[in-house]
Amino acid sequence: MEEYYLICEDSLEGIFSGVYDAYLMKMPHEQIHLCLGEDENLRLFAVYRECPVDEVKAAKVAKTVVRRFGQEAYLSLCRAMASPETDKAEAVYKTIVAGLSMKNPMEVMGNLANPYVYRVFELARFVAHEAHFHVEFVRFQELENEILYSVIGPKNNIITFIMPHFADRLPLENFIIHDEKRNIYAIHPAKGDWYLYSGGGEFPEDRLRCSQGEEHYSELFYSFFRSIAIRERENLLLQRNMLPIRYRKYMTEFLMNK
Amino acid sequence: MLKQVTGIQKEMQHLTVVPGTSPSTIQKPYIVDCKGQTDKMTLQRKLEILSDAAKYDVSCSSSGVGRKGDGTGIGNTSAAGICHSFSSDGRCISLLKILFTNECIYDCKYCINRRSNDVPRASFTPDEICELTIQFYRRNYIEGLFLSSGIIHSPTYTMELIYEAVYKLRTLYRFQGYIHVKAIPGADPLLIQRLGLLADRMSVNLELPTAEGLKTLAPNKHRKNILAPMRQIQQGIEQNKEEIVVYKHASSFVPAGQSTQMIVGATPESDYHLMMVAENLYKKFDLKRVYYSAFVNVNEDSELPALPGGPPLLREHRLYQADWLLRFYGFEAGELLSEEKPNFNVLLDPKADWALRHLEQFPVEVNRADYQTILRVPGIGVKSAQRIVRARRNGNLSFEDLKKIGVVLKRALYFITCNGRMMYNTKIEEDYITRNLISVKEKLPFDRDGMTYRQLSLFDDNMVYEWKQAAGG
Ligand code: SF4
């Protein structure tokens with residue numbers, strides 16, 4: 001039996017385009033697999049096929065997913081696709097297949113006994129947690145021109161999941177969140193809509209000078225951070241479990257410590 | 001979502017916001033120039049004193065109300081609450097928790113701020129409070145403000161100061177983030193009413209579980225005076241709900257509900273007594289949360305217990321676990337404890353303890369038992385129970401599936417069957433199971449060698465967010 005591997009681009013559009021093409025092949029879904037670009041181990045008896053990004057196809061798949069599975073499941077799929085794991089494309093594809101064959105497709109994400117659904121669930125949960133951690137732990141510094149500036153380094157590509165939160169919260173601020181791992185900037189102009197910027201190099205360091213107030217307020221927060229702890233209850237291990245070390249290199253109160 | 005992920009790439013020269021240039025600055029109503037004020041004490045020193053004095057109040061939760069920003073100021077709120085940091089005691093920092101002043105005319109024996117203590121005193125001005133809140137909030141340090149106070153001159157006078165700060169913050173500074181304020185017993189009810197229209201949460205601390213305890217340790221406070229504002233807030237919330245139905249734009253009164261706090265271990269009450277009080281507060285006063293605060297002996301007062309082993313943290317932890325059982329697991333206090341068995345088991349969490357005393361109700365069949373029954377199985381938490389009920393609609397679940405769903409099988413295996421079979425051939429006998437459950441080391445929050453909150457046995461899976469709040473948040 002011939003197996004087909006569709007190689008998709010690592011993006012939401014790329015994977016949804018792959019799903020569309022897989023359906024176009026009109027073959028049993030067990031014979032078709034989605035994978036992401038480069039480092040897939042080549043199999044001897046498999047046919048590999050590049051699958052170009054097609055925004056029209058992707059949008060059609062997205063629409064179908066929302067209509068048949070509902071917003072919650074759609075969000076789970078989007079989150080799973082923000083993961084760096086390479087099996088996500090296959091998991092998303094087969095979850096869609098599984099969902100469409102269910103009596104009530106709205107229940108697809110409840111079907112955790114299905115290994116693909118479970119995988120999507122697992123990836124999405126990690127992404128949701130990491131996004132939530134960022135909503136909590138992102139720290140802005142005020143630059144000289146009153147722009148609020150933050151640097152993050154998440155494992156998953158979570159920036160689009162956290163921007164709506166900050167845009168709603170700080171509507172009158174110019175702010176920028178920089179994902180230094182992927183070199184993506186999310187930019188929110190005061191009173192405007194936010195957007196992403198990538199692939200154009202970084203802002204030069206000398207433009208990122210902090211405002212005068214920055215030092216004052218970060219010191220104030222640092223002293224609050226220390227005085228609010230109850231000495232008799234000290235528990236660094238608990239602190240570490242609640243606030244993983246890897247976030248601390250971006251957080252004002254831990255940087256001041258040094 | 002699709003559009004946002006798609007190539008919204010701009011050339012650098014076309015970006016609307018670029019560091020090092022001057023992007024259009026929009027007038028921000030919440031940036032107010034306070035430079036005119038001079039004060040002998042620096043803001044830094046005040047903040048140190050007044051946060052240090054506020055830290056024994058446990059509540060730091062920012063939950064209970066989800067509200068979007070209206071675009072004209074700063075801030076929103078999230079129904080589940082958001083923690084922003086964790087201090088070295090592992091407690092969540094969500095709100096800027098401060099006292100307006102630590103001056104106090106009262107002399108509560110357990111309190112660091114009592115009149116008879118010789119400690120440095122300080123007071124904020126309303127503008128200083130607003131400035132700190134806004135500047136911390138902009139940087140995503142905090143979720144909002146938690147304002148409490150010592151009593152200066154009189155309860156009403158103090159309440160007026162708090163009101164002024166909160167009023168400024170909401171109207172002048174247009175702050176729409178979370179605000180929790182203390183209602184001071186004995187203050188003019190009209191002030192409490194007005195403050196309730198600005199705050200998200202209000203709380204009145206019960207302080208001690210019994211009126212007698214209060215009398216000996218807080219001679220200036222009276223149980224009646226504490227319950228009166230609590231009742232007023234409860235009624236205010238109820239009335240407001242009706243008003244909002246009639247007039248859509250009526251402003252909301254304490255939309256995130258009210259909470260309270262009891263000190264644990266300063267007076268001789270049993271756990272049973274504490275749980276009965278808590279249950280009553282939930283049922284009769286509709287409280288959102290009751291917090292338990294392990295007594296820290298700051299004053300070394302002769303009328304207070306010495307506690308050589310430090311604050312009673314294990315006891316506090318058991319109370320929180322039981323509190324969770326009341327609020328989310330459908331338990332009644334009387335099921336967990338009684339006059340004959342007035343205290344929680346040191347070795348077992350209250351849910352496992354209960355299950356072991358009711359073995360006749362087990363094992364339950366996971367593929368058929370109703371939600372409430374599943375919820376009572378040790379090793380199965382709220383999320384797992386919900387997932388089970390949902391997943392089994394698509395076919396019978398196996399033990400393997402349960403594990404994926406987040407059930408802690410090591411604990412649950414004595415209490416469940418899957419498709420009529422138990423996981424192992426095991427004795428259903430109290431002593432035997434007890435020994436086995438105890439040997440699965442319970443992860444405690446203050447166990448210095450290997451605790452993880454995430455693995456907390458009672459709350460099986462990834463209930464970390466709820467835990468953050470329980471952990472003093
Ligand atoms: S009223 Fe009692 S508990 Fe409150 S600050 Fe004064 S002395 Fe402390």
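Mentor: Let's begin with a term: a polar contact is a pair of N or O atoms within 3.5 Å; within protein, one atom must be able to donate a hydrogen and the other to accept it, and residues adjacent in sequence count only if both atoms are side-chain atoms. With that rule, chain B and chain A share 31 residue pairs in polar contact, both residues being at pLDDT 80 or more. By class, the side of chain B that touches chain A has 40 nonpolar, 29 polar and 25 charged residues. Here Ala, Val, Leu, Ile, Met, Phe, Trp, Tyr, Cys and Pro count as nonpolar, Asp, Glu, Lys and Arg as charged, and the others, Gly among them, as polar.

A quick word on where this comes from: it's a predicted model, where local features need pLDDT of at least 70, side-chain atom pairs count only at pLDDT 80 or more, and totals for chains, interfaces and linings use all residues. Residues are numbered from 1 along each chain as its sequence is written, chains are lettered from A and ligands numbered from 1 in the order in which they are written, and side-chain values use heavy atoms, with hydrogens and water left out.

Back to the interface. Some of its charged side chains pair up: there are 11 salt bridges across it, a salt bridge being a side-chain nitrogen of Lys or Arg within 4 Å of a carboxyl oxygen of Asp or Glu. Have a look at E173(A) and R138(B), whose side chains form a salt bridge at 2.8 Å, N to O.

Now for the extent of it. Counting contact as heavy atoms within 4.5 Å, chain B brings 94 residues and chain A brings 93. The buried area is about 8500 Å², with 57% of it from carbon and sulfur atoms; that is the accessible area (1.4 Å probe) that two parts lose on being put together, summed over both. On the chain B side, P19(B), R139(B) and Y141(B) lose the most area to chain A, together 8% of what that side buries.

Finally, the partners themselves. Chain B has 17 helices and 10 strands, while chain A has 9 helices and 8 strands; these are DSSP runs numbered from the N terminus, helices being H or I with at least four residues and strands E with at least two. Of the 473 residues in chain B, 59% are buried, and for the 258 residues of chain A the share is 60%. Buried means under 20% relative accessible area, exposed over 50%, and partly exposed in between (1.4 Å probe, protein chains only).
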